[in-house]
Amino acid sequence: MNFAKALRAFEGHLIGSGKASHTVACYRSDLATFREFLSAQGAKDPNLAAVTEKDLLRFGEWLKARGFITNTRRRKMLTVRKMFTFFLRRKKLDLDAGQLATPHKVERIPATIDLSALRTVALALRGD
């Protein structure tokens, strides 16, 4: 399955399922990164039917080697997994990427403001 054709079909599915244009653009960007990876492996016109489970694992390593942070790597890999699952369900591809391991999401505790600093700011806003 030609990558460009697959991308158009997957984008059509995303739009048809009501995804926002920004969301579709993010999927497109993530899949452009995947296409770049496949091209770096020597595929001039990447064929999704030729992608193996090992290729998907190497994609995660390739992203890490290029300095993508954990949550970005996770998102890009989940996007690829979602596209492969879409085509698997439609019997267009045989590779089940549903078990593709992705990095664990990094959750950060939001920064909070000190109570005394908050009072100072609040008083400055009131003009006292």
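## A predicted all-helix chain and its aromatic cluster

The chain has five helices and zero strands, where helices (H or I, at least four residues) and strands (E, at least two) are DSSP runs numbered from the N terminus. Read along the sequence, these elements follow the pattern α-α-α-α-α. This is a predicted model, in which local features need pLDDT of at least 70 and side-chain atom pairs count only at pLDDT 80 or more, while totals for chains, interfaces and linings use all residues. Residues are numbered from 1 along each chain as its sequence is written, and side-chain values use heavy atoms, with hydrogens and water left out.

### The chain as a whole

The C-alpha trace spans about 70 × 35 × 25 Å along its principal axes. The radius of gyration of the chain is 21 Å, whereas a compact globule of 128 residues would have a value near 14 Å; the radius is taken over C-alpha atoms, and the globule rule is 2.2 Å times the number of residues to the power 0.38. Of the 128 residues, 31% are buried, a word that here means under 20% relative accessible area, with exposed meaning over 50% and partly exposed lying in between (1.4 Å probe, protein chains only).

The accessible surface of the chain comes to about 8600 Å², and 54% of it belongs to carbon and sulfur atoms; such areas come from the Shrake-Rupley method with a 1.4 Å probe, and for residues only the protein chains shown count as cover. There are 24 positive and 12 negative side chains, and the centres of the two sets lie 3 Å apart. In this count Lys and Arg are positive and Asp and Glu negative, while His and the chain ends are not counted, and the place of a charge is taken as NZ of Lys, CZ of Arg, CG of Asp or CD of Glu.

If one looks at contacts (heavy atoms within 4.5 Å) between residues at least 6 apart in sequence, 63% of them join residues at least 24 apart.

### Aromatic rings

A pair of aromatic rings is described by the distance of the centres and the angle of the planes. Rings of Phe, Tyr and Trp (its six-membered ring) pair if their centres lie within 6.5 Å, and planes under 30 degrees apart count as stacked, over 60 as edge-to-face and the rest as tilted. A search of the whole structure finds 10 aromatic pairs. One of these joins F34 and F37, which are stacked, with 6.1 Å from centre to centre and 20° between the planes. Both residues lie in helix α2 (residues 21–40), three residues apart, which is about one turn of the helix, and both F34 and F37 are buried.

F34 also pairs with F59, and because the ring centres are 4.9 Å apart and the planes stand at 75°, this pair is edge-to-face. Since F34 lies in helix α2 and F59 in helix α3 (residues 53–65), the pair ties together parts that are 25 residues apart in sequence. F59 is buried, as is F34. These residues belong to one aromatic cluster formed by F3, F34, F37, F59, W62 and F84.

### Individual residues

The table sets out the accessibility of some further residues.

| Residue | Relative accessible area | Class |
|---|---|---|
| A4 | 26% | partly exposed |
| S29 | 39% | partly exposed |
| V51 | 8% | buried |
| T79 | 5% | buried |
| K91 | 74% | exposed |

V51 lies in the loop between α2 and α3. Not counting residues up to four places away in sequence, V51 touches F34, L38, L56, F84 and L95, and the C-alpha atoms of V51 and L93, 42 residues apart in sequence, are 9.7 Å apart in space.

T79 is found in helix α4 (residues 70–89), and leaving aside its neighbours within four places in sequence, T79 is in contact with Y27, D30 and L31.

A4 has its place in helix α1 (residues 3–16), and its C-alpha atom is separated by 9.9 Å from that of A32, which is 28 residues away along the chain. S29 is in helix α2; S29 and G60 are 31 residues apart in sequence and, C-alpha to C-alpha, 16 Å apart in space.

K91, finally, lies in the loop between α4 and α5 (115–126), and although K91 is not a glycine, it has a positive phi of about 60°.
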